[in-house]
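Please view the sequence and the structure shown here before reading on.

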Amino acid sequence: MSTEILAELQAAVERRRNFAIISHPDAGKTTLTEKLLLYGGAIHEAGAVKARRAQRKATSDWMEMEQQRGISITSTVLQFEYQDCQINLLDTPGHQDFSEDTYRTLAAADNAVMLIDAAKGLEPQTRKLFEVCRMRSLPIFTFVNKLDRPGREPLELLDEIEQELGLQTYAVNWPIGMGDRFKGVFDRRTQQIHLFERSAHGAREAKDTVVNLGDPRIEELVEQDLYYQLKEELELIEGIGPELDLDLVHQGQMTPVFFGSAMTNFGVQLFLDSFLDYALKPIARNSSEGQLAPTYPEFTGFVFKLQANMDPKHRDRVAFVRVCTGKFEKDMTVNHARTGKIVRLSRPQKLFAQDRESIEAAYPGDVIGLNNPGVFAIGDTIYNGKKLEYEGIPCFSPELFAYLRNPNPSKFKQFHKGVTELREEGAVQIMYSVDESRRDPILAAVGQLQFEVVQFRMQNEYGVETRLEPLPYSVARWVAGGWEALNKVGRLFNTVTVKDNWGRPVLLFKNEWNLHQVEEDHPELKLNSSAPVVSGQEPVSL
């Protein structure tokens with residue numbers, strides 16, 4: 001590799017930060033995302049999720065159904081510049097029914113921001129997503145939100161994180177008061193107090209008054225009891241709390257904790273400033289050729305998400321690609337690891353939720369959008385140079401199953417296209433009956449809302465009204481040895497066999513008890529709760 005290219009790659013990697021936000025629904029994730037964009041200069045006025053008529057819609061929630069319900073349904077990518085850094089923010093759905101989409105997005109992230117509601121603390125979905133982060137050893141940054149409302153004591157929240165998640169905590173800043181008496185935060189990095197003035201619904205950047213600890217003006221600006229409480233709590237955390245250890249942070253064993261209020265912008269800029277200093281830059285990734293550093297000279301990347309119809313006017317299909325190594329350049333040709341084909345990457349786009357703009361180049365840590373004429377599948381590797389593949393992205397075990405019916409035969413083409421494209425982007429898993437006379441696809445979902453989204457999008461994007469016929473099963477298991485292993489065991493009771501989109505056998509059980517019964521009766525039958533990662537095969541068509 002020439003020294004010029006190496007220097008270019010090293011400089012690009014130094015400037016880049018990449019993270020995903022995880023949280024329970026209603027913890028304020030979309031609001032925090034908007035405020036980070038506001039401070040990054042990417043937008044000029046932040047939009048509330050439950051938008052008032054006079055306010056703009058939230059940037060990250062671009063799908064019509066998201067705007068109707070005030071929830072995030074699909075992951076989006078938001079790229080912006082802040083303090084000479086290029087930030088790739090991967091916004092994920094908070095709703096538990098879309099945890100599979102979040103899982104795929106976390107595969108492309110180098111860091112995670114865990115958002116917690118100060119009043120509720122750790123909630124079930126936060127714990128579930130934390131476990132995904134732990135599997136990948138992602139550094140986790142914690143933002144305790146909604147300090148402008150009554151909430152639990154900060155020390156109690158730190159203790160809960162340590163006890164329940166097994167993470168050491170280090171408070172980077174500390175709140176002064178809470179609820180109506182929330183005055184701002186003390187930044188332990190600079191030993192300064194940041195006092196804030198509220199702005200209307202936090203639509204614009206908060207005004208910030210900075211006062212050094214010990215400055216006589218503090219007694220005029222902060223009530224005496226709050227100031228003494230701050231000093232007592234600081235003494236306590238300085239005395240018993242650990243020192244900040246960035247090695248432990250980067251290993252996912254310690255979490256820097258920030259307190260603030262995304263709605264009113266308290267603490268958001270302080271978080272962003274500290275994050276740039278503490279976060280991991282783009283990291284080496286595991287491949288079939290071992291760990292590849294981002295400065296590996298050849299371009300490589302992997303597809304972690306597909307999205308159809310982000311632009312309804314053009315009925316487009318976009319593949320989200322995480323650049324892992326080397327330099328991406330517009331119109332370059334690459335090898336497609338799964339099919340062995342050579343693909344020209346024309347019309348690459350910088351993504352900003354629903355908006356796109358053309359780009360000429362991208363570097364490790366960036367996420368780019370590629371036009372997808374049916375070439376890409378989730379988990380695909382594209383590369384130049386020596387053949388390699390990155391680790392695939394497994395599917396979650398679905399818990400709800402239903403036939404998707406098309407009551408209007410004249411809409412067969414639209415139905416077929418809609419099911420194919422929604423399957424490709426991972427909106428839902430698709431399975432089929434082994435009875436060849438039953439051609440209706442079986443939707444297999446993690447949560448009920450996935451069914452609703454599929455039906456809504458089939459109607460809204462493909463003009464097809466559909467009907468659901470629920471199936472009485474709640475557990476799916478893939479047969480490790482395929483059809484050969486399944487045929488050896490003969491007839492199974494209290495289960496039904498279907499095939500997944502790759503033609504592999506999947507057993508559906510009514511409940512866990514039925515599953516355990518089959519496992520006891522047939523110990524030789526090896527069952528997996530997640531689908532084997534596929535490489536080198538095309539899915540079976542409808």
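## A loop with positive phi angles

Glutamine 83 is placed in the loop between strand 2 (76-82) and strand 3 (85-91). The model is a predicted one. The phi angle of glutamine 83 is near 50 degrees, a positive value in a residue other than glycine. Most residues other than glycine have a negative phi. With a relative accessible area of 52%, glutamine 83 is exposed, because the threshold for that class is over 50%.

Aspartate 84 is also found in the loop between strand 2 and strand 3. Its phi is near 65 degrees, again positive in a residue that is not glycine. Aspartate 84 counts as exposed, at 59% relative accessibility.

## The crossing of helix 5 and helix 6

Two packed helices are described by the angle between their axes and the distance between the axes. For helix 5 (residues 124-135) and helix 6 (residues 154-165), the axes come within 12 Å and cross at roughly 60 degrees. The two helices are therefore oblique to each other, and helix 5 passes helix 6 in a right-handed crossing.

On the side of helix 5, Arg127, Phe130 and Arg134 take part in the contact, and they meet Glu160, Glu164 and Leu165 of helix 6. By class, the residues of this contact comprise two nonpolar, no polar and four charged.

## Aromatic pairs

How many aromatic pairs are counted? The count comes to eleven. In one of these pairs, phenylalanine 182 and phenylalanine 266 are arranged edge-to-face, with 4.9 Å from centre to centre and 65 degrees between the planes. Phenylalanine 182 lies in the loop between strand 7 (173-176) and strand 8 (184-187), and phenylalanine 266 in the loop between strand 11 (254-259) and helix 10 (268-278), so the pair ties together parts that are 84 residues apart in sequence. Phenylalanine 182 is buried, at 4% relative accessible area, and phenylalanine 266 counts as buried at 1%.

In another pair, the ring centres of phenylalanine 302 and tyrosine 390 are 6.1 Å apart and the planes stand at 55 degrees, so the pair is tilted. This pair links distant parts of the chain, 88 residues apart: phenylalanine 302 belongs to strand 14 (residues 300-308), and tyrosine 390 to the loop between strand 23 (381-383) and strand 24 (400-405). Phenylalanine 302 and tyrosine 390 are both buried.

## An aromatic cluster

One aromatic cluster is formed by Phe19, Phe141, Phe143, Phe258, Phe271 and Phe275.

Note on methods: Residues numbered from 1 in each chain as written. Predicted model: local features only at pLDDT ≥ 70, side-chain atom pairs only at ≥ 80, totals over all residues. Heavy atoms only, no water. Axes fitted to C-alpha atoms, helices over the stretch in contact; angles between N-to-C directions. Helix = DSSP H or I, 4+ residues; strand = E, 2+ residues; numbered from the N terminus. Parallel < 35°, antiparallel > 145°, perpendicular 65-115°, else oblique. Left-handed = near helix turned anticlockwise from the far one by under 90°. Contact = heavy atoms within 4.5 Å. Nonpolar A, V, L, I, M, F, W, Y, C, P; charged D, E, K, R; others polar. Buried < 20%, exposed > 50% of the residue type's maximum accessible area, 1.4 Å probe, protein only. Phe/Tyr/Trp six-rings, centres within 6.5 Å; stacked < 30°, edge-to-face > 60°.
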